[in-house]
Amino acid sequence: RGKGPAIGWWLARLLDGPDGRPDAVVVIDADTIVAPDFLRVADAHLARGERVVQAHYAVRDPDRSWLVALRAAALYARHYQRPLGREVMGASAGLFGNGMVIATDLLATHGMSGHLVEDIELHVALVRAGERVAFAADARIEAEMPATLEAAHAQQLRWERGRLSVARRRVPELLGGRGRPRAVRLRHTEVAIDQ
């Protein structure tokens, strides 16, 4: 039924497994190339006390076509420059569905929705619970992107449809609550604007 339900199915078995729970879970898409030092870098972030980490999610083989190169430029801004700025400001970097490192206890509490954009759903839930996603610019992954207009259009429609659905349901929750401390309101507003 999709990535979110598949991860949820696996997570339920992991959490109830006989071998005990791992400290964290890494989510990597099947079409992704992972840098050789990815796990070492992710572990260093966890050792510093960060509980959710988003890796630098780049585009694999950007010279394959003009369309892939265009997507690489767009995702460089969204998946590297913006999270880097948020990291500098102490804001939550966001989750992009690939290259996510998440403490197992947070997944046990918040789960992984079956939504089309399960990463955005989880990010909103984590921010509302007071958690912050750290950005690991030095942990790089590269994923394949569609090389035809038709495939790229279908992918973008899927992402935007999911984003709009989450925005309709979650933005009012993020912007509500006048009694919250100013820092919490700012954090929630920043995440709401990103939707």
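**Briefing: salt bridges, strand pairing and a buried asparagine**

The structure holds eight salt bridges. It is a predicted model.

**Salt bridges**

- Side chains of opposite charge can pair when their charged atoms come close.
- Arg 51 and Asp 105 are joined by a salt bridge through their side chains, with an N to O distance of 3.1 Å. Arg 51 belongs to the loop between α2 (38–47) and β3, while Asp 105 belongs to helix α4 (residues 104–110), so this pair ties together parts that are 54 residues apart in sequence.
- Both partners count as partly exposed: Arg 51 has a relative accessibility of 30%, and Asp 105 has 38%.
- A second salt bridge links the side chains of Arg 64 and Glu 144 at 3.5 Å, N to O. Arg 64 is placed in the loop between β3 and α3 and Glu 144 in the loop between β5 and α6, so the parts tied together are 80 residues apart in sequence.
- Arg 64 is partly exposed at a relative accessible area of 35%, and Glu 144 is likewise partly exposed at 35%.
- Asp 37 is partly exposed, with 28% relative accessible area, whereas Arg 40 counts as exposed at 57% relative accessibility.

**Strand β3 and its partners**

- Strand β3 spans residues 52–59 and is mostly covered, with eight of its eight residues buried.
- With strand β4 (residues 100–103), β3 pairs in the antiparallel sense over three bridges. Gln 54 has Met 100 in β4 as its bridge partner.
- With strand β5 (residues 134–143), β3 pairs in the parallel sense over seven bridges. Here His 56 stands opposite Arg 140 of β5.
- In a regular strand the side chains alternate between the two faces of the sheet.

**Surroundings of Asn 98**

- Asn 98 is located in the loop between α3 (66–89) and β4. Its relative accessibility is 0%, so Asn 98 counts as buried, the cut-off being under 20%.
- The side chain of Asn 98 reaches the backbone nitrogen of Asp 29 at 2.9 Å.
- When neighbours within four places in sequence are left aside, the residues in contact with Asn 98 are Lys 3, Val 27, Ile 28, Asp 29, Thr 32, Gln 54, Tyr 57, Ile 141 and Ala 143. Gln 54, one of these contacts, is also the residue whose bridge partner in β4 is Met 100.

**Helix α5**

- Helix α5 (residues 118–128) is mostly covered, with nine of its eleven residues buried.
- Gly 130 follows α5 and has a positive phi, near 90 degrees.

**Nonpolar surface patch**

- Trp 66, Leu 70 and Leu 149 make up a nonpolar patch on the surface, and their accessible area together is about 390 Å².
- Leu 149 is part of helix α6 (residues 149–175). Its relative accessible area is 57%, so Leu 149 counts as exposed, for which the cut-off is over 50%.

Conventions:
Residues numbered from 1 in each chain as written. Predicted model: local features only at pLDDT ≥ 70, side-chain atom pairs only at ≥ 80, totals over all residues. Heavy atoms only, no water. Buried < 20%, exposed > 50% of the residue type's maximum accessible area, 1.4 Å probe, protein only. Helix = DSSP H or I, 4+ residues; strand = E, 2+ residues; numbered from the N terminus. Pairing = 2+ DSSP bridges. Patch = residues over 30% accessible without salt bridge, like charges linked within 9 Å, V, L, I, M, F, W, Y side chains within 5 Å. Areas by Shrake-Rupley, 256 points an atom, 1.4 Å probe, with all protein chains shown as cover. Salt bridge = Lys/Arg side-chain N within 4 Å of Asp/Glu carboxyl O. Polar contact = N/O pair within 3.5 Å; in protein donor to acceptor, adjacent residues only side chain to side chain. Contact = heavy atoms within 4.5 Å.
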